[in-house]
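Visitor: I am new to this structure and would like to learn how to read it. Please take me through the main features one at a time.

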Amino acid sequence: MSKRVETVWNLRRLMADQGLFKTTELIPLLEEYGVSLSREQVFRLVTQTPERANLSFIGAVCAALNCTVSDLIEVRIVEEKAAMNAAEQTRGSIGNLRPVPARIHRPRQPPQDK
């Protein structure tokens with residue numbers, strides 16, 4: 001089994017807990033702690049999980065929203081089964097993956113005049 005790290009970014013939920021529902025409402029709060037970001041940057045940070053975040057930004061968010069880093073970022077370890085090799089994948093049961101049998105309907109022949 002292999003393990004991977006999964007992170008959950010809770011900035012939007014933390015803002016909602018404080019009654020902040022517009023991303024632009026976060027800008028003046030961050031500026032109080034010396035972090036100046038554009039409206040677009042704040043929008044991306046609120047609506048998407050960032051791949052990287054500056055520690056001064058994380059500190060300012062935690063101070064502005066009165067939360068901890070563990071409230072902002074949840075880290076989960078997910079165990080995954082090792083991938084089967086191609087031979088093992090083709091040998092297994094196909095279960096519900098069988099195709100639906102086709103039904104052939106022959107067109108009716110019009111009656112022929114005698």
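This is a predicted model: local features need pLDDT of at least 70, side-chain atom pairs count only at pLDDT 80 or more; totals for chains, interfaces and linings use all residues.

Visitor: How many helices and strands does the protein have?

Guide: Helices (H or I, at least four residues) and strands (E, at least two) are DSSP runs, numbered from the N terminus. Here there are six helices and two strands. Their order from the N terminus is β-α-α-α-α-α-β-α.

Visitor: What share of the residues is buried?

Guide: Buried means under 20% relative accessible area, exposed over 50%, and partly exposed in between, with a 1.4 Å probe and protein chains only. Of the 114 residues in the protein, 20% are buried.

Visitor: Which residues have the most contacts inside the largest nonpolar core?

Guide: In soluble globular proteins, nonpolar side chains tend to be buried together. A nonpolar core is a set of buried Ala, Val, Leu, Ile, Met, Phe, Trp, Tyr and Cys residues joined through side-chain atoms within 4.5 Å. The largest one here has 20 residues, and those with the most contacts inside it are Leu11, Leu26, Leu30, Phe57, Leu65 and Leu72. Two or more residues each come from α1 (11-17), α2 (26-31), α3 (39-47) and α4 (55-65). The most come from α4, which gives six.

Visitor: What does Leu72 touch?

Guide: Contact means heavy atoms within 4.5 Å. Leaving aside neighbours within four places in sequence, Leu72 is in contact with Val8, Trp9, Asn10, Leu11, Leu14, Ile58, Val61 and Cys62.

Visitor: How many disulfides are there?

Guide: A disulfide is a covalent bond between the sulfur atoms of two cysteines. The rule used is a pair of cysteine sulfur atoms within 2.5 Å. By that rule the count is zero. Cys62 is in no disulfide, and its nearest cysteine sulfur, that of Cys67, is 4.0 Å away. Cys62 counts as buried because its relative accessibility is 9%. Cys67 has 13% relative accessibility, so Cys67 counts as buried too.

Visitor: Where is Thr23 found?

Guide: Thr23 lies in the loop between α1 and α2. Thr23 counts as buried because its relative accessibility is 14%. Apart from neighbours within four places in sequence, Thr23 is in contact with Met15, Val42, Phe43 and Val46.

Conventions
Residues are numbered from 1 along each chain as its sequence is written. Side-chain values use heavy atoms; hydrogens and water are left out.
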